[in-house]
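Thanks, everyone, for making the time this morning. I would like to walk you through one model, and I will ask you to keep the structure open on your own screens while I talk.

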Amino acid sequence: MSSNTKPSIGIVGGTGDLGRGLALRLAKAGHPVLIGSRKPEQAVEAADALTAELSDRGVSGHAIEGMDNTEAAKRGDIVFVTVPFAAHTPTLEVIRDVVQGKVVVDVTVPLVPPRVARVQLPPEGSAGVIAQTLLGDDVHVVSAFQNVAAAHLQADMDIPCDVLVTGNEKEARQVVVDLIASMGMRGFHAGLIHNAAAAEALTSVLININKQYKTHAGLRLTGID
Ligand SMILES: NC(=O)c1ccc[n+]([C@@H]2O[C@H](COP(=O)([O-])OP(=O)(O)OC[C@H]3O[C@@H](n4cnc5c(N)ncnc54)[C@H](OP(=O)(O)O)[C@@H]3O)[C@@H](O)[C@H]2O)c1
């Protein structure tokens, strides 16, 4: 655990749209954020841009650094994986050794371009199951954020949507539910990692809705305060 009272967050593939959105929200919530990239200089550039963005928004005291993916995964107390599905397995293989014993948050949607508006889950069932199998039982894989638009995460606004949180261990899920609350959203325990398939499939449904209604639709659960 870092010296900061809040756990540090490594974001593997953090130079992308979703990674940047998560970085902004988590840094604003007071977590040291470590942006990872295959190219460290690209991560430093992204970290500098995010730092400037937060300063423009009047948010001070945040710490965002850029580095290569392995270093971000090694130094992060909690590690997010935010890469396209095509890069999912090779990226997990790169970080496997350094994330043993940690909570790894997998945001991956197994989209198969060009038909991203069609549900096409992998034979294993979901990206979440692939991650848990590949990283092994000592890694606490939690799947979340598949149904939150990067554009919403990046914007300086309240996010009017909920997050389904799946994973085999309740304690690890709770860590992520708490992170989601610190980012201004509601996260809900949604079962074991096998249920990640439901959130991953819903993204293609939302892509259809987004095209039809020209929006960034999200999920909202009713019946829960
Ligand atoms: N965008 C959204 O609104 C959204 C919403 C929910 C979930 N998701 C999911 O979040 C994940 C990331 O989405 P995104 O839109 O942020 O993706 P992205 O911008 O296309 O890519 C994210 C990062 O992944 C790295 N990357 C790309 N190709 C790679 C490869 N072949 N090998 C290793 N790394 C590679 C790149 O970082 P470097 O070049 O710096 O290494 C890139 O900046 C995806 O699985 C997506 O399904 C996205």
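This is a predicted model: local features need pLDDT of at least 70, side-chain atom pairs count only at pLDDT 80 or more; totals for chains, interfaces and linings use all residues.

Let me start with the site itself, where the space that the ligand takes up is the largest pocket. There are 21 residues around the ligand, and those that come nearest are Thr15, Leu18, Ser37, Arg38 and Val83. If we sort this shell by class, we find 10 nonpolar residues and nine polar ones, together with two that are charged.

For Gly16, by contrast, it is a polar backbone atom, and here the distance to a ligand oxygen is 3.2 Å. Leu18 likewise contributes from its backbone, with an N or O atom 2.9 Å from an oxygen atom of the ligand. As for how much of the ligand is covered, it exposes 890 Å² when taken alone, and the protein buries 73% of that area.

Let me move on to the aromatic rings, of which the structure holds one pair. The partners are Phe80 and Phe145, and their arrangement is tilted, with 5.9 Å from centre to centre and an angle of 50° between the planes. This pair links distant parts of the chain, since Phe80 belongs to strand 4, residues 78-81, while Phe145 sits in the loop between strand 6 (140-143) and helix 6 (150-154), with the two partners 65 residues apart.

Pro114 itself is found in the loop that runs between strand 5 (103-106) and helix 5 (127-135).

That is what I wanted to show you, and I am happy to take questions.

Terms used. Residues are numbered from 1 along each chain as its sequence is written. Side-chain values use heavy atoms; hydrogens and water are left out. A residue is near a molecule or strand if one of its heavy atoms lies within 4 Å of it. A polar contact is a pair of N or O atoms within 3.5 Å; within protein, one must be able to donate a hydrogen and the other to accept it, and residues adjacent in sequence count only if both atoms are side-chain atoms. Accessible areas come from the Shrake-Rupley method with a 1.4 Å probe; for residues, only the protein chains shown count as cover. On a 1 Å grid over the protein atoms alone, a cavity is a set of points where a 1.4 Å probe fits but cannot get out, and a pocket is an open set with protein on both sides within 12 Å along at least five of seven lines; lining residues have an atom within 4 Å of a point. A molecule sits in a cavity or pocket if more than half of its atoms lie within 2 Å of its grid points. Ala, Val, Leu, Ile, Met, Phe, Trp, Tyr, Cys and Pro count as nonpolar, Asp, Glu, Lys and Arg as charged, and the others, Gly among them, as polar. Rings of Phe, Tyr and Trp (its six-membered ring) pair if their centres lie within 6.5 Å; planes under 30 degrees apart count as stacked, over 60 as edge-to-face and the rest as tilted. Helices (H or I, at least four residues) and strands (E, at least two) are DSSP runs, numbered from the N terminus.
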